[in-house]
Amino acid sequence: MRAILLGLIMVLAACNDRTAAPIVPAAKSVGINRDIFIGTTRSLDDQGQFGIGRSSSLSLLQATVSLPPKRALGSVTDGQDRPKPERDFALAALNTYPDGSGFRDALAADLASKPADQREVTLFVHGFNNSFTNAAFRMAQLAEDLELPGSHVSYSWPSRGNPLGYEYDRDSSLFARDGLAELMREIRAAGQPDIIIVAHSMGGSLVMETLRQLEIAEPGWAGRNVSGVILLSPDINIDIFRSQFARIQKVPDPFVVMVSRKDAILRISSRLRGERTQLGNIQNAQSVADLPITVVDVTAFSDRKSGNHFVAGGSPALIQLLRRSSDLDREFLRGRGGSVLTIPGARRVQVPNRRAAVVMIPGESR
């Protein structure tokens, strides 16, 4: 059974095995450019690329990501070591900061260039089976497709970037906690008061472990420094999530969990653990009903390329819905708890301050 499940992971995993990160300066004049700040605890390999190895020090960078001009909404295309900017995402530039001060100054300048009401940072933490480039590409795709305001930062932790690397990635997600904590402190040191954390899959477990670690060292840290948390298809055991959550003295508001009962990857993850579900594919919200979170059920939407594991970023129908909803942007991404959330096609819901609310979004039927 374990061998069968691992075989299914190979079929269903959304990302290819790739570690190359070629720089293609000509891509700047081909596609749509997005500047992405990056913090990584990947080590440099023999080719000078950020590969799968683990580094005890945090590297800070800024990338210009070129998105191809005729890209399908929700898609990330990768030419691996030979990207073609006309059809693929590409790194058009990659600059490394020798120390934190350069990173902070550049981030502060980027924020200052935004309208006053958009000076916020979205910090994306990728999940299982991601390369250095894919983490940057996915942040750029989310920023473009969801029209995320402000500045954008990606935390690239040392995933093996291989569908058979699940155990390696799980260990790496624990290793990567200190680096993520340091990156969040660097963002705050740039004078940024609003950090919205968006984490996918195993990245959600990394985020929760890091917040728990910060709270143990400095109670109340999350509430003072994080404006909102959005977990997309989190690959977290529910009991562990409750234990992590209990450590947070003041919960960032909003705290959103997007789930899908059709998530094939989390179904496999659950089976490997002998569990019925993970947090990201819970069948109902009873197990977290007492927590001050909002559960957004996106089961009605599909992203077949990822096995319905990245619906929020990969389903064109859901992306279009989220883009049309100014209320979703205002309430979920700006940290306004206790107000009414309106999503087209869904019932109006009181965004909670103390207990979980469930938002079910009717959409595709597949």
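F37, Y97 and F103 make up one aromatic cluster, and the exercises below start from there. This is a predicted model: local features need pLDDT of at least 70 and side-chain atom pairs count only at pLDDT 80 or more, while totals for chains, interfaces and linings use all residues. Residues are numbered from 1 along each chain as its sequence is written, and side-chain values use heavy atoms, with hydrogens and water left out.

**Exercise 1. Aromatic pairs**

Task: Describe the geometry of the pair F37 and F103 and of the pair F89 and F137.

Solution: Rings of Phe, Tyr and Trp (its six-membered ring) pair if their centres lie within 6.5 Å; planes under 30 degrees apart count as stacked, over 60 as edge-to-face and the rest as tilted. A search of the whole structure finds 8 such aromatic pairs. F37 and F103 are edge-to-face, with 5.8 Å from centre to centre and 85° between the planes. This pair links distant parts of the chain, since F37 sits in strand β1 and F103 in helix α2 (residues 100-112), 66 residues apart. Helices (H or I, at least four residues) and strands (E, at least two) are DSSP runs, numbered from the N terminus. F37 and F103 are both buried, where buried means under 20% relative accessible area, exposed over 50% and partly exposed in between, with a 1.4 Å probe and protein chains only.

Next come F89 and F137, a tilted pair at 5.5 Å centre to centre and 45° between the planes. Because F89 lies in the loop between β2 (50-67) and β3 (90-97) and F137 in helix α3 (residues 132-145), the pair ties together parts that are 48 residues apart in sequence. F89 and F137 are buried too.

**Exercise 2. Two arginines**

Solution: Take R42 to begin with, which belongs to strand β1 (residues 32-44). R42 counts as buried because its relative accessibility is 2%. Moving to R71, we are in the loop between β2 and β3. Leaving aside neighbours within four places in sequence, R71 is in contact (heavy atoms within 4.5 Å) with F89, Q141, E144 and D145.

**Exercise 3. Nonpolar cores**

Task: Which residues have the most contacts inside the largest nonpolar core?

Solution: A nonpolar core is a set of buried Ala, Val, Leu, Ile, Met, Phe, Trp, Tyr and Cys residues joined through side-chain atoms within 4.5 Å. The largest has 51 residues, and L123, Y155, F241 and V288 have the most contacts inside it. Helix α6 (residues 202-217) supplies the largest share of this core, 6 residues. Apart from it lies another core of 33 residues, among them A143, L148, V311 and L322.

**Exercise 4. Confidence**

Task: Where does pLDDT stay under 50?

Solution: pLDDT is the predictor's confidence in each residue, from 0 to 100. The protein averages 85, and 83% of the residues score at least 70. Values stay under 50 over residues 1-17 and over residues 329-354. Where pLDDT is low, the predicted coordinates should not be read in detail.
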